[in-house]
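Hi there,

Here is the structure I promised to pass on to you. Have a look at it first, and then read on for my notes below.

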Amino acid sequence: MKILVCITNVPDTTAKITFTDNDTKLNKAGIPYIIGPYDDYALARGVELKEQTGGSLTVLHVGEADADPQIRKALAIGADDAIRINADPLDSYFTAFQIAQVAKPGTYDLILMGRESIDYNSGVVHGLVGEMLGIASYSPVMKLEITGSTATLSREIDGGKEVLQAPLPLVLGCQEPIAEWKIPNMRGIMTARTKPLQVLEPVALEELTTPQKYTLPTPKGACKMIPASEAGTLIRLLQTEAKVL
Amino acid sequence: MSVLIYVELDNGSIKKTSLEAVAFGSKVAEKIGEKAVVLAIGHAASAELEKAGNYGASKVLHAADAKLTHENAMAYADVLVQAASQESSKVIILAKSGLGDALAARAAAKLKAGIVSGVTALPEIGDSFQVTRSIFTGKAFATTEIKSDIKILVVRKNAIEIDDSPVSTVQAEITAFTPPLRDEDFQASVSKVEKASSELSLTEAEIIVSGGRGMKGPENWQPLIDLAKALGAATGCSKPVSDLDWRPHHEHIGQTGIKVAPNLYIACGISGAIQHLAGVNGSKCIVVINKDPEAPFFKAADYGIIGDVFEILPKLTEAAKSLK
Ligand SMILES: Cc1cc2nc3c(=O)[nH]c(=O)nc-3n(C[C@H](O)[C@H](O)[C@H](O)COP(=O)(O)OP(=O)(O)OC[C@H]3O[C@@H](n4cnc5c(N)ncnc54)[C@H](O)[C@@H]3O)c2cc1C
């Protein structure tokens, strides 16, 4: 089985977000970057399935060279090789389009990624890639087993979950508890250095959306403290002052 | 030409977030001088679908083929695109949810449309079409110009205020929509569906009472559930709580869980780590109960009580019960 795992390169979850260049660019200075937490789940399950089925796993990233440490980490966790499409992934359509070029029909049996990136939170790349390749996509997938050419998966639906069987190939957006995050071991880190990382230029595409500017939310006012002994009065304040009850 | 709004049905009723999408789409239609058309897929009574008129839609297309009863993003996207083509829709609006995003994505790929998900306010339409959306899980906003001929917007909860019982301004005409369906969209077989039917869904809830590790163990949840019941609220939790299996996974709120935007969020024994805050910063009003005055959550709160949750929760429940 041939598996493709798509990863994002995103600011660490604790990063303070600020902008530069007149609020048109993210200020990357001093921000540690990580593999998107959801992509990390996808990668972990991908590695397990690769080991179970004796298949191969390619990791794919659409982005610039500053992502290479995260790509090497994915190789250290267990991917066999990597592809980076050398472009700033400014919108979901563009990113999905580049992924679809690499994952042309017949190339991979299973395409895994996170349910959403934690920078843009759109959660639409798996659906876009699925449609571009003419195959089914599901998200968020919380359990995944492969038997022959059929996937059995459990995914979250509104207010519950469902279990379904679907034929491969598939595109899946993953989330916990599909697998536990994997930490690379020493041997993995050593072998990752020599695993192939292929850098490809993007395929041209007309621009459908253009980012204009970024803004930060207006800061909250002070928190009104209520003494524990008068906790009950909070309910009245919520009704009469905050008007949320 | 038109603005097309997809409404999500839950047991035959239009979801609240989808009614917001109808109101949102109708406003966009007004701005560009077009009519607002609604598409509903699945089973629903006409009386329910007429509600869309109260929020500004002039027409409702209802695709009720039995094959479409079960949620299926592939088939639904195909229906959506056929509706958009019939109605010459230039803007397509959906409410943000797993299904909404999947449908929007597949439709965007079919139509080569620019797609923006997580929209928080009505678009600015002039020489260009600009939308603002939430990014970095609520830590910032981005304004984006959509340049494509057809534009797809996936709208966050509370992007527009709606009236619970609006006066009907438009009489929506309801028409059966029966486009051809493609076999290849029905290859999956669903073997099990588990719905926590008695529980309120977190993404739709107006009030959420949420517990963290400060609740000390699953056996201590009753006082929190009692308050939730008294307020008609849904229950949520922090990541460690669901990791420890104290509460089910679908209650996990935060950057790596569900993002919520209720009117009122009550956090009980949650420290307020940045990853948790990221999932709740769309809330209108935040109440924090924590015994540690230094808990970071107080900085993000509107109201705070410093004290032991187990002493405070029953007092709140009592006060909430005497409200009515
Ligand atoms: C990549 C990544 C993603 C993450 N994603 C998420 C996420 O999506 N959601 C999430 O929630 N977390 C997430 N986390 C974890 C996050 O960093 C915190 O560890 C977590 O939110 C803490 O949960 P907590 O507040 O319940 O527990 P704690 O931090 O242990 O806080 C417990 C709080 O309870 C208070 N308390 C204790 N006893 C009482 C009492 N009797 N009465 C009143 N108060 C009391 C304490 O003062 C303390 O403030 C993520 C972490 C990482 C690294």
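**What I found**

In chain B, 65% of the contacts between residues at least 6 apart in sequence join residues at least 24 apart. Please keep in mind as you read that this is a predicted model.

Let me stay with chain B for a moment. The chain contains 8 helices and 18 strands. Its radius of gyration is 21 Å, close to the 20 Å that the globule rule gives for 324 residues, so chain B is as compact as a globular protein of that length. The C-alpha trace of chain B spans about 60 × 45 × 40 Å along its principal axes. Of the 324 residues in chain B, 59% are buried. The accessible surface of this chain comes to about 12500 Å², and carbon and sulfur atoms account for 50% of that.

Is Thr144(B) buried or exposed? With a relative accessible area of 3%, Thr144(B) is buried, because anything under 20% counts as such. Leaving aside residues up to four places away in sequence, Thr144(B) touches residues of chain A, including Thr209(A), Pro211(A) and Gln212(A). Among the chain B residues that Thr144(B) touches are Val116(B), Phe129(B) and Arg133(B).

Next, the aromatic rings. A search of the whole structure turns up 4 aromatic pairs over all chains. One of them is stacked: Phe19(A) and Tyr214(A), at 4.7 Å centre to centre and with 5° between the planes. Phe19(A) belongs to strand β3 (residues 19-20) and Tyr214(A) to strand β14 (residues 209-215) of chain A, so this pair ties together parts that are 195 residues apart in sequence. Both partners are buried, Phe19(A) with a relative accessible area of 12% and Tyr214(A) with 7%.

Trp221(B) and Trp246(B) form an edge-to-face pair, 6.2 Å centre to centre with 65° between the planes. Trp221(B) is in the loop between β14 (207-211) and α5 (222-231) of chain B, while Trp246(B) is in the loop between α6 (239-243) and β16 (264-268), 25 residues apart. Trp221(B) counts as buried at 1% relative accessibility, and Trp246(B) counts as buried at 17%.

Finally, a spot on the outside of chain A. Met186(A), Ile189(A) and Met190(A) form a nonpolar patch on the surface, with about 290 Å² of accessible area together. Ile189(A) lies in helix α5 (residues 186-192) of chain A and is partly exposed, at 32% relative accessible area.

Best wishes

Conventions. Residues numbered from 1 in each chain as written. Chains lettered and ligands numbered in written order. Predicted model: local features only at pLDDT ≥ 70, side-chain atom pairs only at ≥ 80, totals over all residues. Heavy atoms only, no water. Patch = residues over 30% accessible without salt bridge, like charges linked within 9 Å, V, L, I, M, F, W, Y side chains within 5 Å. Areas by Shrake-Rupley, 256 points an atom, 1.4 Å probe, with all protein chains shown as cover. Salt bridge = Lys/Arg side-chain N within 4 Å of Asp/Glu carboxyl O. Helix = DSSP H or I, 4+ residues; strand = E, 2+ residues; numbered from the N terminus. Buried < 20%, exposed > 50% of the residue type's maximum accessible area, 1.4 Å probe, protein only. Rg over C-alpha atoms; globule rule 2.2 N^0.38 Å. Contact = heavy atoms within 4.5 Å. Phe/Tyr/Trp six-rings, centres within 6.5 Å; stacked < 30°, edge-to-face > 60°.
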